[in-house]
Amino acid sequence: MKKIVIVGGGFGGLYTALRLIQLDWRRKPEITIIDKNDRFVFSPLLYELITEEMRSWEIAPHYADLLATTPIKYIQDTVTNINIEQKEVILANHDSLAYDRLVIALGGTTPTDLVKGAREYGIPFRTLENAYQLKEKLRQLENSEKESIKVAIVGGGYSGVELALKIANRLGNRGKIRIIDRNSDIISNSPEFNQKTAKKALRDHQIWLDLETDIEEIKAEEITLSYKNKSDTIPVDIVLWTIGTKPVRMINELSLPQNAQGKININRQLQVENHPEIFALGDLVECYDQNNKTLPATAQVAFQQADYCAWNIWASLEKKPLLTFQYQPLGEMLALGVGNATLSGLGISLNGELAYLARRLVYLYRLPTFEHQLGVALNWITSPITTFK
Ligand SMILES: Cc1cc2nc3c(=O)[nH]c(=O)nc-3n(C[C@H](O)[C@H](O)[C@H](O)COP(=O)(O)OP(=O)(O)OC[C@H]3O[C@@H](n4cnc5c(N)ncnc54)[C@H](O)[C@@H]3O)c2cc1C
């Protein structure tokens, strides 16, 4: 029996596995997912935990539950190495797994070594643990005697903007929130409609923008900013660090072809250069669309790659021609607090409550497995949503 091993059960890995089992196999392969965590995280909905619009089981279902009715095997462990010559994946518990086809989908991390104090005092926002850490910090501050709660968000990208507005909803008048970015604008790659809607939402919630501003240092209760070569130290209660994505470190220690940012080089069929038995996708690859434009590290890209990755693994084992990855830009959606969102794409621009609802429904449809979609949908219908609106 052929063995397909998938390292990383996120948007790239999990959706590849789920697609693989839908394909028509002459001889069914053994499919194994390895992930260090016990839960898949649907990160675009992670913000909803801050405002308690959604619960963690909805956003982060357990692999054991998701895969219970499938033939996919799941191992919870950390991948520490890949022996490319022997075609083996090495785990932290020293076990090794042989593969005929390997999928590398370990995603990225948020680099917190760019500024002094960021690692110690900045909270990244990427994992379930980060969301819990932020919630706990907010809870402590809400229960304190403090009149105002000062939050500094480093980075005016999607995460920075979406987080700022959810936190503003949660803290209400007590929240004093600022977004700091070295660029002259926020979410500068966004369609104009989304950018305008987001800026209005930030203004409505009195979220301060420090643009063209660098961070010099972060300490426990203060942050030092630099604007036009002038330093200014201001008090803070929470610093959120939302900038940057880099591949997980282990990837850079492998002898696989990589670009200057440490991303794996793949061909148009999503195979690692010179290693046709290894496929890679998601945040850790350098990938291009049909027009040779570099694709961003997004779930939308990883999700679409997963479809091709599964098909091409099937084709390579069934001796059929492989497909060239074709990216379909479907637009973008941003949560702008509770009951508000903005979306642009496929000729449609929408904001306000309608966009909020549309975003929820699109993501419901994107959740892994029909059983999980059904569970979440039933929960939305039967239980009233308690939020910090
Ligand atoms: C807060 C937030 C909001 C986002 N919002 C959007 C959005 O609205 N739209 C959008 O398109 N994209 C969004 N993204 C980006 C999107 O989540 C990523 O691009 C996507 O998850 C990448 O998929 P991936 O499979 O490469 O990595 P991931 O989904 O991160 O999966 C990687 C998996 O590998 C596992 N892993 C890592 N190292 C190891 C190891 N050594 N051993 C075993 N397992 C390991 C991890 O536990 C994880 O499950 C958002 C990201 C964040 C953080």
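Which residue is the bridge partner of Ile6 in β2? In this predicted model, the partner of Ile6 is Ile33. The bridge belongs to the pairing of β1 (residues 3-7) with β2, which is parallel and extends over 5 bridges. Both strands are part of an open sheet of 6 strands, in the order β3-β2-β1-β7-β20-β19 and with mixed pairing. At the edges of this sheet are β3 (73-76) and β19 (271-272), each of which pairs on one side only.

Helix α1 is mostly covered, with 8 of its 10 residues buried. The buried residues are Phe11, Gly12, Gly13, Leu14, Tyr15, Thr16, Ala17 and Leu20. Their cover includes the strands β1, β2 and β7 (101-104), together with helix α9.

The domain assignment of the protein chain gives three parts: domain 1 (3-36 + 77-109 + 245-317), domain 2 (118-241) and domain 3 (332-382). Between the C-alpha centres of domain 1 and domain 3 there is a distance of 28 Å.

The ligand is surrounded by 31 residues, and the closest are Gly8, Gly10, Gly12, Gly107 and Gly282. Gly12 is also one of the buried residues of α1. By residue class, the shell around the ligand holds 14 nonpolar, 13 polar and 4 charged residues. At least two residues of the shell come from each of α1 (11-20), β2 (30-35) and α9 (299-317). Domain 1 and domain 2 both contribute residues to the shell, and therefore the ligand lies between these two domains.

The largest nonpolar core has 106 residues. Within this core, the residues that touch the most other members are Val7, Ile104, Ile153, Val161, Ala164 and Ala280. Helix α9 gives the most to the core, namely 9 residues. The surroundings of Ala280 can be described in detail. When neighbours within four places in sequence are left aside, Ala280 is in contact with Ile104, Ile264, Ile266, Leu270, Val272 and Val285.

Glu212 is not a glycine, yet its phi is positive, at about 50°. This residue is placed in the loop between β12 (208-210) and β13 (213-218). Glu212 counts as exposed because it has 12 C-beta neighbours inside 10 Å, and a residue is exposed if that number is 12 or fewer. Asn292, likewise a residue other than glycine, has a positive phi near 65°. The loop that holds Asn292 runs between β21 (285-286) and α9. Asn292 has 6 C-beta neighbours inside 10 Å, so this residue also counts as exposed.

Terms used:
Residues numbered from 1 in each chain as written. Predicted model: local features only at pLDDT ≥ 70, side-chain atom pairs only at ≥ 80, totals over all residues. Near = placed C-beta within 6 Å. Helix = DSSP H or I, 4+ residues; strand = E, 2+ residues; numbered from the N terminus. Nonpolar A, V, L, I, M, F, W, Y, C, P; charged D, E, K, R; others polar. Domains from an automatic or database assignment. Core = buried A, V, L, I, M, F, W, Y, C linked by C-beta atoms within 7 Å. Buried ≥ 20, exposed ≤ 12 C-beta atoms within 10 Å, placed from the backbone. Contact = placed C-beta atoms within 7 Å. Pairing = 2+ DSSP bridges.
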